[in-house]
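Please look over the sequence and the three-dimensional structure shown here, and keep both in view while you read the briefing that follows.

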Amino acid sequence: MKQSKVCVIIGDNCEREAAILTQRAREGCNIAFMAADKEGGERLKKEVEEKFHVNFFFFHGDRESEEDRDLFAGAVEGMYGGADYWICSTQ
């Protein structure tokens with residue numbers, strides 16, 4: 001059985017990252033997403049999981065915070081054992 005790939009996305013504007021998340025989920029990737037927009041991230045998680053039936057981990061955090069990035073990376077490693085794609089969205 002083929003393992004699903006994992007796409008990790010770090011951003012701050014959920015609307016901007018939605019297209020990337022949707023495309024990767026459509027391809028069957030599990031998603032790990034960190035953003036400062038808690039409501040937007042939770043909404044995206046629900047929408048993507050319902051539509052594409054992939055595992056979606058949302059982490060509410062600030063991409064400028066080294067501590068938040070470290071916590072997020074550790075959680076991704078613990079949950080998925082690593083990632084196939086790392087995407088950092090910038091302004």
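In this briefing Lys and Arg count as positive and Asp and Glu as negative, while His and the chain ends are not counted, and the place of a charge is taken as NZ of Lys, CZ of Arg, CG of Asp or CD of Glu. On that basis, the mean positions of the 12 positive and 18 negative charges of the protein chain lie 8 Å apart. The model is predicted, so local features need pLDDT of at least 70 and side-chain atom pairs count only at pLDDT 80 or more, whereas totals for chains, interfaces and linings use all residues. Residues are numbered from 1 along each chain as its sequence is written, and side-chain values use heavy atoms, with hydrogens and water left out.

**Overall fold**

- The protein chain has three helices and four strands, where helices (H or I, at least four residues) and strands (E, at least two) are DSSP runs numbered from the N terminus.
- Along the sequence these elements follow the pattern β-α-β-α-β-α-β.
- The radius of gyration of the protein chain is 12 Å, close to the 12 Å that the globule rule gives for 91 residues, so the chain is as compact as a globular protein of that length; this radius is taken over C-alpha atoms, and the rule is 2.2 Å times the number of residues to the power 0.38.
- Taken along the principal axes, the box filled by the C-alpha atoms of the protein chain is roughly 35 × 25 × 20 Å.

**Contacts and surface**

- Of the contacts in the protein chain with a separation of 6 or more, 64% are between residues 24 or more positions apart, a contact meaning heavy atoms within 4.5 Å.
- Of the 91 residues, 41% count as buried, where buried means under 20% relative accessible area, exposed over 50%, and partly exposed in between (1.4 Å probe, protein chains only).
- The protein chain exposes about 5,400 Å², with carbon and sulfur atoms supplying 47% of it; accessible areas come from the Shrake-Rupley method with a 1.4 Å probe, and for residues only the protein chains shown count as cover.

**Salt bridges**

- A search of the whole structure finds six salt bridges, each being a side-chain nitrogen of Lys or Arg within 4 Å of a carboxyl oxygen of Asp or Glu.
- R16 forms a salt bridge with E17, with the closest N and O atoms 3.7 Å apart; R16 counts as partly exposed because its relative accessibility is 34%, whereas E17, at 0%, counts as buried.
- E27 and R24 are joined by a salt bridge of 3.0 Å, N to O, and E27 counts as partly exposed at 44% relative accessibility.
- E64 and R63 are also paired, at 3.9 Å from N to O; E64 is exposed at 61% relative accessibility, while R63 is buried at 11%.
- Salt bridges that share partners join E15, R43 and E47 into one network.

**Individual residues**

- D68 belongs to helix 3, which covers residues 66-80, and D68 is buried yet has no salt bridge, the nearest side chain of opposite charge, R69, being 8.4 Å away.
- Not counting residues up to four places away in sequence, D68 touches M34, F59, G61 and D62.
- H53 lies in the loop between helix 2 (38-52) and strand 3 (56-60), has a positive phi of about 55° although it is not a glycine, and counts as exposed at 67% relative accessibility.
- C88 is in strand 4 (residues 85-88) and counts as exposed at 51% relative accessibility.
- C88 and S4 are 84 residues apart in sequence and 21 Å apart in space, C-alpha to C-alpha.
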